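Please follow the description below with the sequence and the structure side by side.

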Amino acid sequence: MADLLRITTPVINQNATQPAGKQPVDPSAAFDLHEVNRVVRPQQQSEMQGQNNGLIEQDSAPTILMDMLKDPSVSVNFLKNIFLLQEIIRLLPANNKAVTQEIETLFDSLMVSPEEIVPEMVRQENNSTAFKGELFDFLRQIAREKPGAEMQFAVANLLKSINCQEVRDDILNAVSNSLRFLSESLSTSRTISDELSELSERFLSEDAGDNFSALKGETFRLLGQVEESILFSPKMAKVVSMVYYNLSRFNDNPDFFQEAVSSVLMLLDGKQQKTEFLQQIRAFLEGRERPERESSRIMDVLAKLIGRETGPNRAQEPFTLMGGDKVERIIHSLLSSPCNFTPLLHYVIPVEYMNMKSFAEIWINPNGSEDERPKGQRQNIIHMLVVFDIQGIGQFEVELVADEENKRIDLSLRCPPDYVNEFSVMTQRLSQVARATAYSFGEINIDKLDRGRSLMDVFKSLPYKRTGVNVRI
């Protein structure tokens, strides 16, 4: 006979009373639902895959980048503020003629004429990457011809070694600036502040690269004291993390470049290919391969204007453009593209024509076919978004989809509501102008601009690129 389970009756305190304010629930009572007419709002397309961004958005920098994606005209509004300030300065007495003249010179050199738009865009595009020239074209070619993992790793390692050579001084300057900030933030603690200030100067010395190991050890020691200080703040914690990161980027191995070159050389086929590779390396080292590039005039002027806002003498400046939070937003807008969050070409173009000023930002996805849903309907697509503001008229958005294979351009123009009719009659004229080129217009849509769209609304591939792992099992 099977054993019976022995079950004991639970001990219940017969004298227990219900807590005050709580009434026992009658099991026979009907269950009542409240607010049955309320429906949760469906998830918008721009919020797609938001659940996958939780860990990423814990950091403030990606959050700022996501805010920038929702406001693609950050730089445009910044330029408008600059020229509004220009008009104000002209109405004020020149208390400081030197400063006023300096600002006026910057203002005058910021605008470009219509004839200078293309050269300026070329300069901005050339300065967006250092991997340009015959050497890097050769490396791309051999990477395509030999797609194996060994060659891919060798080429990537060579690019890494070249980058390490290029950014050595930038890394040392970045560490020095961070240490100087920590020194100023800990000024009430004279001992550690003075040590940080002295170490900051040592990172700027000519022999800083040769003495990097000793400087690195001294930096670790001082950062440990900073983290233990009672003055240590969350803002300092971010700066300390940046110092650790920049120190990890510095490669003090003098043979790194030679070892990387040897690794690629061993994987090349034939004497001719090896000879060509060595010639490209020699030309690169001698500077003939990469002549000094002409820098972007607009970016140089913007850097000077932002430098005035963030420099050590900002408190003594008679004129300021904006607060620190706006400066941070414009810096992120200018530096965040192309990057892993916004892999788009980015241009800032302020134009003056017939005494009218226009401020434009251009975003381009050369692989525009990935923005189409379902993906890959067409190949060889260039997808563009132009956001510009014309003085006295308002803000515009132009979206262009250029089909390189069929030489066809689809255009969508969103303009201020008062100008919809005026621009609608221009569709036939645009088609006539395009006949003089190799392209022709397909669909042309003219509509009013009620609100600005985000970059993720236009470039549909951006949310998918931010979701991380995309694996099919």
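In this predicted model, helix α4 (residues 117-126) lies across strands β1 and β2. The helix runs at about 150° to β1.

Both of those strands belong to an open sheet of six strands, ordered β1-β2-β3-β4-β5-β6, with mixed pairing. β1 (345-353) and β6 (440-448) each have a single partner strand, so they stand at the edges and one side of each is left without a neighbour in the sheet. On average, neighbouring strands are turned by 15° against each other, direction ignored. Strands of a sheet pair through backbone hydrogen bonds, in either a parallel or an antiparallel manner. Within this sheet, β2 (residues 356-365) and β3 (residues 381-390) run antiparallel and are joined by eight bridges. Ile-364 stands opposite Met-384 in β3.

Strand β4 (residues 394-403) contains Asp-403. This residue counts as buried because its relative accessibility is 3%, and the cut-off for buried is under 20%. Beyond its neighbours within four places in sequence, Asp-403 is in contact with Arg-378, Gln-379, Asn-380, Ile-381, Arg-408 and Tyr-439.

Elsewhere in the chain, two helices pack against each other: α11 (residues 256-267) and α12 (residues 270-286), at an angle of about 155° and with axes 10 Å apart. Angles over 145 degrees count as roughly antiparallel, and therefore α11 is roughly antiparallel to α12. The crossing of α11 past α12 is right-handed. From α11, the residues Phe-257, Val-261, Val-264 and Leu-265 meet Lys-274, Phe-277, Leu-278, Ile-281 and Leu-285 of α12. By class, this contact has eight nonpolar residues, one charged residue and no polar ones.

Conventions:
Residues numbered from 1 in each chain as written. Predicted model: local features only at pLDDT ≥ 70, side-chain atom pairs only at ≥ 80, totals over all residues. Heavy atoms only, no water. Helix = DSSP H or I, 4+ residues; strand = E, 2+ residues; numbered from the N terminus. Buried < 20%, exposed > 50% of the residue type's maximum accessible area, 1.4 Å probe, protein only. Contact = heavy atoms within 4.5 Å. Axes fitted to C-alpha atoms, helices over the stretch in contact; angles between N-to-C directions. Parallel < 35°, antiparallel > 145°, perpendicular 65-115°, else oblique. Left-handed = near helix turned anticlockwise from the far one by under 90°. Nonpolar A, V, L, I, M, F, W, Y, C, P; charged D, E, K, R; others polar. Pairing = 2+ DSSP bridges.
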